[in-house]
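Reader: I have a protein model to look at. Can you walk me through it in short steps?

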Amino acid sequence: MRSLISPRLLLREWEEKDVDFLLDMYSRWEVARYLGSSPRVLDGRDDAVATLTRWRDRQDDVHTIWAIQDRATGHLLGTALLVPLLASGEKLTPTDETEIGWHLHPNAWGKGYATEAANAVMAYAARSGIDPVLAVTWPENEASQAVCRRLGMRHAGQTDRFYNMTCELFTTEK
């Protein structure tokens with residue numbers, strides 16, 4: 001697991017001790033409403049543990065899902081990810097295209113943490129030779145689209161190629 005450091009943040013591996021935070025964050029509709037084609041909140045600690053297991057299964061030598069932690073306080077703030085996109089179909093299957101993403105606890109919204117964490121992930125992707133990096137958002141998710149633009153990503157229109165949903169596609173490709 002590769003940890004990343006930015007001025008205010010540490011991006012590190014999710015650990016079992018983080019399950020209560022993970023449950024608190026992803027049991028909130030305002031966090032879960034834009035995740036996947038059929039958003040749902042986590043329903044209990046077992047669901048949170050199963051989420052950690054699924055995330056670990058999506059990781060490889062380069063692709064990772066990080067916990068975002070405030071370096072000054074040690075408080076967890078959310079999730080950053082760099083994972084293979086999942087192609088639409090009867091069964092979602094990994095593609096050879098890479099997605100960047102972020103999910104933050106509502107207490108961390110509006111403070112620039114998503115952009116800061118995503119910039120660290122983008123630098124890591126560049127060092128790892130991943131190009132282009134893509135982001136997909138629900139059409140209504142203007143906050144994440146604004147982060148994409150702050151990262152210098154180009155809006156590439158709508159697509160239904162991923163996650164069995166129509167989403168806005170952003171790319172680092174010029």
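Author: What follows is a set of questions and answers on this predicted model.

Reader: Is helix H4 largely enclosed or largely open, and how many of its 15 residues are buried?

Author: H4 runs over residues 113-127. The buried ones include Tyr113, Ala117, Val121 and Tyr124. H4 is largely enclosed by the rest of the structure, because the number of buried residues is 11 of 15.

Reader: What distance does H4 reach from its first C-alpha to its last?

Author: H4 has 15 residues. At 1.5 Å a residue, 21 Å is expected. The helix comes close to that, reaching 21 Å.

Reader: Which element gives the most residues to the largest nonpolar core?

Author: This core has 29 residues. Leu11, Leu82, Ile100 and Trp102 touch the most other members. Elements that give two or more residues include strand S2, strand S5 and helix H5. The biggest giver, with 9 residues, is H4.

Reader: Which residues are joined by a cis peptide bond?

Author: Look in the loop between H4 and S6, where Pro132 lies. Omega of the bond is about 5°. The cis bond joins Asp131 and Pro132.

Reader: Is Thr171 buried or exposed?

Author: Thr171 lies in strand S8. Beyond four places in sequence, Thr171 touches Pro132, Val133, Leu134, Met153, Arg154 and Ala156. Its relative accessibility is 4%, and the cut-off is under 20%, so Thr171 counts as buried.

Reader: Tyr163 and Asn164 both lie in the loop between S7 and S8. Which of them is partly exposed?

Author: Neither is a glycine, yet phi is positive in each: about 60° for Tyr163 and near 55° for Asn164. Tyr163 counts as buried because its relative accessibility is 12%. Asn164 has a relative accessible area of 40%. Buried means under 20% and exposed means over 50%, so the partly exposed residue is Asn164.

Terms used:
Residues numbered from 1 in each chain as written. Predicted model: local features only at pLDDT ≥ 70, side-chain atom pairs only at ≥ 80, totals over all residues. Heavy atoms only, no water. Helix = DSSP H or I, 4+ residues; strand = E, 2+ residues; numbered from the N terminus. Buried < 20%, exposed > 50% of the residue type's maximum accessible area, 1.4 Å probe, protein only. Contact = heavy atoms within 4.5 Å. Expected span 1.5 Å × (residues − 1). Core = buried A, V, L, I, M, F, W, Y, C linked by side-chain atoms within 4.5 Å.
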